[in-house]
Amino acid sequence: MTMLYRSKIEDVLQQLEKDIITPKFAGIKHTAVVALEILADEDKLKNIEAWELREICLEPLQLALESRARKLGHTALAGIQSMFKDERFRSSMETSDEDKWLPSQVLTVLAGAHSLAEDLQIEVMKLLLNMTVTASWCTSAKTIIKIAQEGLNKTEM
C-alpha cells in the first residue's frame, strides 16, 4: 500500500478502476474513468480550472472512502496525498469561494471519515495534521479552524 502514496493521481485512479470488480461499486469505476479521460486530454486540462479538476478527481476518491471497503479507502487516501504533490491541482489564483479551495474540497471528501476502519481514521488524522502544518495546503485561518474541528470531531466519535 505504501507504494501508492508515491504514485501519480493517474496511477491511483487506475488502481481504483482495476480494484472494482463488483457492480456494487460501478459508480466509483465510472467516475475514475471520467477523471482519467480528462487527465489524459491536454486540451481539456488547459481549459479547466484547478478547483474543477480537483472536484472531478476527488469524486471517485470520496466514493471509494464512502464504500467502507478498506482497500479502496487506502487507495483513496493515497490519491488525496498524490493530488497535493501535483501542480495540476494548484492554482496561483484561487476562486473567492473558499469551498472550492483545495483544503475545503478535501474536508468535504473526508466528512464521513468517522465511520471508517480505525487504520483509515489514523491515516485521515495524519492527513489533517499535515494540512494544518503545511503552508501550501492552507490558505486561511477559517480553513485551519475547519481542519482542527474536523480532527476534533473524529476523536470524539
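Modeller: Start with one term: contact means heavy atoms within 4.5 Å. By that rule, and leaving aside neighbours within four places in sequence, L102 is in contact with R54, F84 and E94. Keep in mind that this is a predicted model.

Biologist: What is the overall make-up of the protein?

Modeller: There are eight helices and zero strands. Along the sequence the pattern reads α-α-α-α-α-α-α-α. Buried residues make up 45% of the 157 residues. Take the contacts between residues at least 6 apart in sequence: 67% of them join residues at least 24 apart.

Biologist: Back to L102. Why is L102 called buried?

Modeller: Buried means under 20% relative accessible area. L102 has 7% relative accessibility, so L102 counts as buried. L102 is found in helix α6. Its C-alpha atom is separated by 8.0 Å from that of F89, 13 residues apart along the chain.

Biologist: Why is Q105 called buried?

Modeller: The same cut-off applies: under 20%. Q105 has 6% relative accessibility, so Q105 is buried. Q105 is also found in helix α6. Not counting residues up to four places away in sequence, Q105 touches W51, R54, E55, L58, D99 and K100.

Biologist: What makes helix α6 largely enclosed by the rest of the structure?

Modeller: The count decides. Helix α6 covers residues 102-109, and seven of its eight residues are buried, so the helix is largely enclosed by the rest of the structure. The buried ones are L102, P103, S104, Q105, V106, L107 and V109.

Biologist: Now helix packing. Which quantities describe two packed helices?

Modeller: The angle between their axes and the distance between the axes.

Biologist: Which residues make the contact of α1 with α4?

Modeller: From α1 come I9, V12, L13 and L16; from α4 come C57, P60, L61 and A64. By class, that contact has eight nonpolar, no polar and no charged residues.

Biologist: What makes α5 roughly parallel to α7?

Modeller: The axes of α5 and α7 cross at roughly 10° and come within 10 Å. Under 35 degrees counts as roughly parallel, so α5 is roughly parallel to α7. On the α5 side, R70, G73, H74, L77, I80, Q81 and F84 meet D119, L120, E123, V124, L127 and M131 of α7. The contact of α5 with α7 has seven nonpolar, three polar and three charged residues.

Biologist: How do you know that R70 and D119 form a salt bridge?

Modeller: The rule needs a side-chain nitrogen of Lys or Arg within 4 Å of a carboxyl oxygen of Asp or Glu. The closest N and O atoms of R70 and D119 are 3.1 Å apart, and the pair forms a salt bridge. R70 lies in helix α5 (residues 70-84). D119 lies in helix α7 (residues 118-133), so the pair ties together parts that are 49 residues apart in sequence. R70, at 47% relative accessible area, is partly exposed. D119, at 29%, is partly exposed too.

Biologist: How many salt bridges are there in the whole structure?

Modeller: A search finds six. One of them joins K71 and D19 at 3.6 Å, N to O. This pair links distant parts of the chain: K71 is in helix α5 and D19 in helix α1, 52 residues apart.

Biologist: What joins E10, D86 and R88 into one network?

Modeller: Salt bridges that share partners. Among them is the one between R88 and D86, at 2.5 Å, N to O. R88 has 28% relative accessibility, so R88 counts as partly exposed. D86 has 13%, so D86 counts as buried.

Notes
Residues are numbered from 1 along each chain as its sequence is written. This is a predicted model: local features need pLDDT of at least 70, side-chain atom pairs count only at pLDDT 80 or more; totals for chains, interfaces and linings use all residues. Side-chain values use heavy atoms; hydrogens and water are left out. Helices (H or I, at least four residues) and strands (E, at least two) are DSSP runs, numbered from the N terminus. Ala, Val, Leu, Ile, Met, Phe, Trp, Tyr, Cys and Pro count as nonpolar, Asp, Glu, Lys and Arg as charged, and the others, Gly among them, as polar. Buried means under 20% relative accessible area, exposed over 50%, partly exposed in between (1.4 Å probe, protein chains only). Axes are lines fitted to C-alpha atoms, for helices over the stretch in contact, and angles run from 0 to 180 degrees between N-to-C directions. Angles under 35 degrees count as roughly parallel, over 145 as roughly antiparallel, 65 to 115 as roughly perpendicular and the rest as oblique.
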